[in-house]
Amino acid sequence: MKPTLNQLISFCTVAEMGNIGRAAEKLNISQPPLSRQIAQLERDLGTKLFTRNAKGMKLTFAGEQFFKDSRAVLRMMQQACHNVQAASEGQMGLIKLGATMYASYSVVPQIVMQHRIKHPCIDLQFQEMIPTELSAALEEGRLDVAISFSEVTTSAISSLELLREPLIVALPADHPQATAENFTLKSLADDPFIIVPRPMSPLLYDRIFNQCLKAGFSPEIGIEVSVQQTIVNFVAHGLGVAIIPASMAAAQIRGVSYRKIADANTIENILMWSSPNKNPSLEHFIHQCRALTPALNTASARFISS
């Protein structure tokens with residue numbers, strides 16, 4: 001017969017107190033039931049756990065080992081109770097975060113760093129996706145939160161703007177306009193533009209296209225590329241020019257120059273989550289992101305002005 005949890009508690013209390021009377025007092029029970037409980041435990045285990053004398057009770061060699069193991073079991077049980085309470089309150093658990101690659105250069109590093117500091121017991125799984133994949137994964141419950149250019153327009157999705165920043169131009173370093181004193185976007189009217197395909201990121205595509213229209217021309221689309229880092233890399237190889245979110249300059253790809261745009265359109269990093277999501281850790285993550293938003297925008301403004 002295996003010992004019960006109550007038997008282990010009683011045994012450890014007697015072992016710690018060294019006296020059945022004091023142990024009974026600590027457990028708030030009478031002495032005879034406690035004595036019978038210890039005797040039954042010894043019969044179940046088939047060995048003596050205590051030697052008894054006028055001064056009290058002393059652990060046998062077997063009792064010493066059982067005491068050590070029993071305390072470990074009780075500690076594990078105590079930890080299990082703590083863990084289940086923490087999990088129910090969202091202090092432990094798992095957050096599945098998805099984001100565009102662009103967000104990995106803008107807001108994701110700061111969010112992940114802050115999450116580690118504030119919630120070390122909540123695991124964070126991160127994966128990069130294109131915007132349309134992020135939307136589907138969020139709606140299907142494969143992600144808890146997503147960071148993308150635009151919010152999903154359904155009533156079940158809640159959102160928070162994390163960062164708003166301007167678009168900038170990426171040019172090959174040897175492009176004539178890379179060092180031009182009076183650079184204007186219209187000076188690139190004859191250049192091929194490398195741009196994200198509209199079906200993959202409609203909002204970003206439209207902001208870029210509209211930026212060119214404001215400058216007085218319709219862009220010549222050279223290559224359509226899904227990933228922002230690849231777009232900048234293609235620019236470095238002289239395959240065209242691109243309009244990109246300002247944070248992408250942090251990629252520091254050699255062979256690329258960046259120019260500011262007058263009256264630049266802005267692009268937003270939006271945190272999105274499903275309102276019906278019952279993950280208890282989600283509330284802590286959203287609260288952390290909301291508190292971090294001012295710092296994200298301050299850091300971005302400092303980077304863009306430098």
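Trainee: Why is aspartate 263 called exposed?

Mentor: This is a predicted model, and in it aspartate 263 has a relative accessibility of 60%; because exposed means over 50%, the residue counts as exposed. Aspartate 263 sits in the loop between β10 and β11, and its phi is near 55 degrees, a positive value in a residue other than glycine.

Trainee: What makes glutamine 252 count as exposed?

Mentor: The relative accessibility of glutamine 252 is 69%, which is set against the cut-off of over 50%, and therefore glutamine 252 counts as exposed. Glutamine 252 lies in the loop between β9 and β10, and phi there is near 50 degrees, again positive in a residue other than glycine.

Trainee: How do you know whether methionine 272 is buried or exposed?

Mentor: Methionine 272, which is found in strand β11, has a relative accessible area of 1%, and because buried means under 20%, methionine 272 is buried.

Trainee: What tells you how α2 and α3 are oriented to each other?

Mentor: The axes of α2 (residues 20–27) and α3 (residues 31–45) come within 9 Å and cross at roughly 110 degrees. Angles of 65 to 115 degrees count as roughly perpendicular, and α2 and α3 are therefore described in that way. On the α2 side the contact is made by Ile20, Gly21, Ala23, Ala24 and Leu27, and on the α3 side by Gln31, Leu34, Ser35 and Ile38; by class these are six nonpolar, three polar and no charged residues.

Trainee: Why are α1 and α3 called roughly perpendicular?

Mentor: Helix α1 (residues 5–17) packs with α3 at an angle of about 110 degrees, the axes being 10 Å apart, and since that angle falls in the range of 65 to 115 degrees, the two helices are roughly perpendicular to each other. Asn6, Gln7, Ser10, Phe11 and Val14 of α1 meet Leu34, Gln37, Ile38, Gln40, Leu41 and Asp44 of α3, a contact with five nonpolar, five polar and one charged residues.

Trainee: What puts the buried residues of α8 on the same side?

Mentor: The buried residues of α8 are Leu204, Tyr205, Ile208, Gln211 and Cys212, and they cover an arc of only 125 degrees around the axis, which places them on the same side of α8. As background, an α-helix has 3.6 residues a turn, so residues three or four places apart point the same way. The buried residues of α8 pack against several elements, among them β6, β7, β8 and α9, and just after the helix glycine 216 takes a positive phi of about 100 degrees.

Trainee: Why are the buried residues of α7 said to line one face?

Mentor: In α7 (residues 131–139) the buried residues are Pro131, Leu134, Ala137 and Leu138, and seen down the axis they fall within an arc of 125 degrees, so they line one face of the helix. They pack against β3, β5, β6 and β11, while glycine 141, which follows α7, has a positive phi near 85 degrees.

Methods
Residues are numbered from 1 along each chain as its sequence is written. This is a predicted model: local features need pLDDT of at least 70, side-chain atom pairs count only at pLDDT 80 or more; totals for chains, interfaces and linings use all residues. Side-chain values use heavy atoms; hydrogens and water are left out. Axes are lines fitted to C-alpha atoms, for helices over the stretch in contact, and angles run from 0 to 180 degrees between N-to-C directions. Helices (H or I, at least four residues) and strands (E, at least two) are DSSP runs, numbered from the N terminus. Angles under 35 degrees count as roughly parallel, over 145 as roughly antiparallel, 65 to 115 as roughly perpendicular and the rest as oblique. Contact means heavy atoms within 4.5 Å. Ala, Val, Leu, Ile, Met, Phe, Trp, Tyr, Cys and Pro count as nonpolar, Asp, Glu, Lys and Arg as charged, and the others, Gly among them, as polar. Buried means under 20% relative accessible area, exposed over 50%, partly exposed in between (1.4 Å probe, protein chains only). The arc is that of the directions from the helix axis to the C-beta atoms.
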